[in-house]
Amino acid sequence: MKSAVTVSLVEEARGGPFVFWGDVFQAISMAQKLGFDALEIFPPDAETLRHLFLTKPLATAGMTVAAVGTGAGWVKHRLQLADEDPIIRKRAIDFIRSIIECAAELGAPAIIGSMQGRSCHAVPKETAKSLLRDGLAVLSEHSQKCGTVLLYEPLNRYETDQANTLEQGLGILQGLDNVKLLADWFHMNIEESDMAAAIRLAGNAIGHIHFADSNRMAIGYGHLNVEPVMSALFEIGYSGYLSAEVFSKPDAILAAQQTIKAFQLAIRRTDARGPQ
Ligand code: LER
Ligand code: MN
């Protein structure tokens, strides 16, 4: 398993669960110093990300990009895949397509999280789900053409009613082979009755982890029992990223330091215990 830490370049997302803010080059340098393998980037749009020309600075630092978030499509541009308006849905698809392309240039998958949308008076639950699936089908094919997978993230009930658990996520992804689940431990801690069992059930459908404690702070700052969840990840042979999508609290450096310490401890402990 590999470690990653988030950086947000989206002013409108201030106060959200990202460790580093604003300066991606400083984030690369800090993450490298602390021993992270990768950065997860939350850009305002594809063009901004592309014009940062990150390939060389990342290679020089010996770092990769774990994933690229598309959430700015929602928080900044109010676009989502289940909108009642076909013009908005088309703009949402185009926004994500362009992020898929520049994420692929960095060797990373794009994440569909808050852009999945939710039902409303004009869009009943089943319609919202089917609009989401239509969008994921198009975007999955586009990701495949770009040589990457697409990540779909179940969110807690206060953010969506599309899929709140990994099992519901599996339902959404049926027949969509190039889409993997993003298991965010913050959302799972709210929605799953047994986080380890949910991970075993989802198995190799899991493609990415948001590594967060119960209060969405760095692992170790909340009350999540990390050991059984890590054991389940070892059991399913997960070899992807554990990416800290957590608040920059008490500050960015302490959140990042605590994350890497918790990551190394969790890997060592679970590894030493061997297969369960
Ligand atoms: C939102 O709560 C979240 O977890 C993000 O990763 C979705 O884009
Ligand atoms: Mn998340």
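## Salt bridges

The structure holds 11 salt bridges, each a side-chain nitrogen of Lys or Arg within 4 Å of a carboxyl oxygen of Asp or Glu. This is a predicted model, where local features need pLDDT of at least 70, side-chain atom pairs count only at pLDDT 80 or more, and totals for chains, interfaces and linings use all residues. Residues are numbered from 1 along each chain as its sequence is written, chains are lettered from A and ligands numbered from 1 in the order in which they are written, and side-chain values use heavy atoms, with hydrogens and water left out.

| Pair | N to O distance |
|---|---|
| Lys76 and Glu12 | 3.2 Å |
| Asp94 and Lys90 | 2.7 Å |
| Arg216 and Asp184 | 3.5 Å |

Helices (H or I, at least four residues) and strands (E, at least two) are DSSP runs, numbered from the N terminus. Lys76 is partly exposed at 33% relative accessibility; Glu12 is partly exposed at 44%. Here buried means under 20% relative accessible area, exposed over 50%, and partly exposed in between (1.4 Å probe, protein chains only).

Asp94 and Lys90 are four residues apart in helix α5, about one helical turn.

## Metal site

Which residues coordinate the manganese ion (ligand 2)? They are Glu153 (OE), Asp184 (OD), His210 (ND1) and Glu245 (OE), at 2.0 to 2.3 Å. Donors are N, O and S atoms within 2.8 Å of the metal (3.2 Å for Na, K and Ca); water is not among the atoms, so sites may look incomplete. The sequence spacing is E-x30-D-x25-H-x34-E. Glu153 is buried at 4% relative accessibility. Asp184 is buried too, at 1%.

## Ligand 1

The residues around ligand 1 (a heavy atom within 4 Å) include Glu153, Asp184, His210 and Glu245. Arg216 is also among them. A polar side-chain atom of Arg216 lies 2.8 Å from a ligand 1 oxygen. For Glu159, a side-chain N or O atom is 2.6 Å from an oxygen of ligand 1. The protein covers 88% of the 260 Å² of accessible area that ligand 1 has on its own (Shrake-Rupley method, 1.4 Å probe; for residues, only the protein chains shown count as cover).

Notes:
A polar contact is a pair of N or O atoms within 3.5 Å; within protein, one must be able to donate a hydrogen and the other to accept it, and residues adjacent in sequence count only if both atoms are side-chain atoms.
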